[in-house]
Amino acid sequence: MAHRLMRTLMLLLCVLWSAAALAAIEVREFDSSLQKQRYDSLNGSLRCPKCENQAIGDSESPIAGDMRERVYQLLQDGRSDIEIQNYMTERFGDFVLYNPRLTGRTWLLWGLPAALVLLGIVVIALIVRARRRASNHALSAAERERLDALVNRERTQ
Amino acid sequence: MKRRLLLLIPLVLFVVLAVFLYRGLALDPSARDSTLLGQPFPIFRLSTLEDADRQVDESLIKGEMTLVNVWGEWCPTCKQEMPQLLALEERGIRLVGIDYKDTREKGQEFLEEFGNPFEVNVFDPEGTLGFDLGVYGAPETFLVDADGIVRYHHTGYITPEDVEQRIVPEVEKWRTD
């Protein structure tokens with residue numbers, strides 16, 4: 001019990017400590033709350049090139065810190081969100097965008113889900129059509145005769 | 001017969017997916033092509049590590065094929081990489097270093113201890129040139145041709161095998177003089 005409590009306390013300490021450390025490093029002043037919002041959303045939409053799958057806003061890697069600083073400076077310079085994203089992709093490639101743009105290299109990424117949905121619709125349509133055709137299939141005269149014979153035989157038995 | 005063949009579709013899909021994912025296992029996600037390939041070396045204006053009063057700019061990289069290596073005293077892999085860089089220098093390749101996010105004293109100590117294959121070192125304490133190069137760690141190496149165009153990018157450690165198998169062939173490929 002004491003052991004578990006200790007572990008929880010340690011974990012809590014670690015979490016608080018890292019939050020405090022991050023907060024201590026970066027104190028930024030924004031012209032408006034809108035600018036702060038744009039800063040946060042850009043930090044969330046840009047991927048840290050060093051850490052495989054973390055937004056620069058979540059990462060403590062040095063390059064993520066540099067990128068946040070640059071985002072802040074560019075915002076202060078009055079650049080638009082698109083300009084800032086372009087600024088980053090010019091240097092670090094499409095990798096840094098969590099929402100990659102539709103280009104010659106990424107059409108498969110964007111197009112494949114839509115293509116699969118279309119394929120699914122076509123397959124379902126074909127199956128439905130085949131079923132419908134099978135159930136609508138009218139019996140020929142010979143078949144009807146045979147069916148009647150079978151039914152009557154069962155009745156008489 | 002046709003119906004039977006349709007039953008094979010899941011198997012085919014599985015095989016395609018398996019091959020695709022298996023290939024993915026062998027890919028290194030950190031090895032991405034630099035966006036600078038085919039582009040001019042970024043403009044900069046910084047002092048040299050050797051002499052704080054000497055300012056250099058992108059013209060330093062032009063005129064001769066140059067291997068630009070981004071390093072720092074704080075980077076352990078850079079120390080391992082130095083013998084390979086010295087070997088490349090001995091082959092007559094021009095090397096320029098970028099001392100990235102370092103202090104002048106530590107950078108100079110590093111060169112004294114591990115050797116200096118660089119004609120000159122650009123001192124980039126804030127990492128501004130590194131940022132424009134899209135560098136997110138060290139070491140990174142760029143091959144720049146005589147016209148100042150980036151031709152090859154090597155992310156991370158240059159192994160002794162890489163010298164012969166990657167760097168030298170690229171140098172031969174892009175050499176114009």
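Into which domains is chain A divided?

**Figure 1. The domains of chain A in a predicted model.** Chain A splits into domain 1 (30-96) and domain 2 (107-156), with bounds from an automatic or database domain assignment. Their C-alpha centres sit 55 Å apart. A bit of bookkeeping: residues count from 1 along each chain as its sequence is written, and chains are lettered from A and ligands numbered from 1 in the order in which they are written. As the model is predicted, local features need pLDDT of at least 70 and side-chain atom pairs pLDDT 80 or more, while totals for chains, interfaces and linings use all residues.

**Figure 2. A look at helix 3 of chain A.** Helices here are DSSP runs (H or I, at least four residues), numbered from the N terminus. Helix 3 of chain A has 15 residues and spans 21 Å from first C-alpha to last, close to the 21 Å expected at 1.5 Å a residue (1.5 Å times one less than the number of residues). After helix 3 of chain A comes Gly78(A), with a positive phi near 85°.

**Figure 3. The buried residues of helix 3 of chain A.** Ile63(A), Ala64(A), Met67(A), Arg68(A), Val71(A) and Leu75(A) are buried (20 or more other C-beta atoms within 10 Å of the residue's own, C-beta atoms being placed from the backbone). Down the axis of helix 3 of chain A, its buried residues fall within an arc of 145° (taken from the directions from the axis to the C-beta atoms), so they line one face of the helix. Their cover includes helix 2 (33-45) and helix 4 of chain A.

**Figure 4. Where chain A touches chain B.** The contact (C-beta atoms, placed from the backbone, within 7 Å) takes 11 residues from chain A and nine residues from chain B. On the chain A side, helix 3 (62-76) and helix 4 (81-92) are the elements giving two or more residues.

Technical notes: Two residues are in contact if their C-beta atoms, placed from the backbone, lie within 7 Å. A residue is buried if 20 or more other C-beta atoms lie within 10 Å of its own, exposed if 12 or fewer, and partly exposed in between; C-beta atoms are placed from the backbone.
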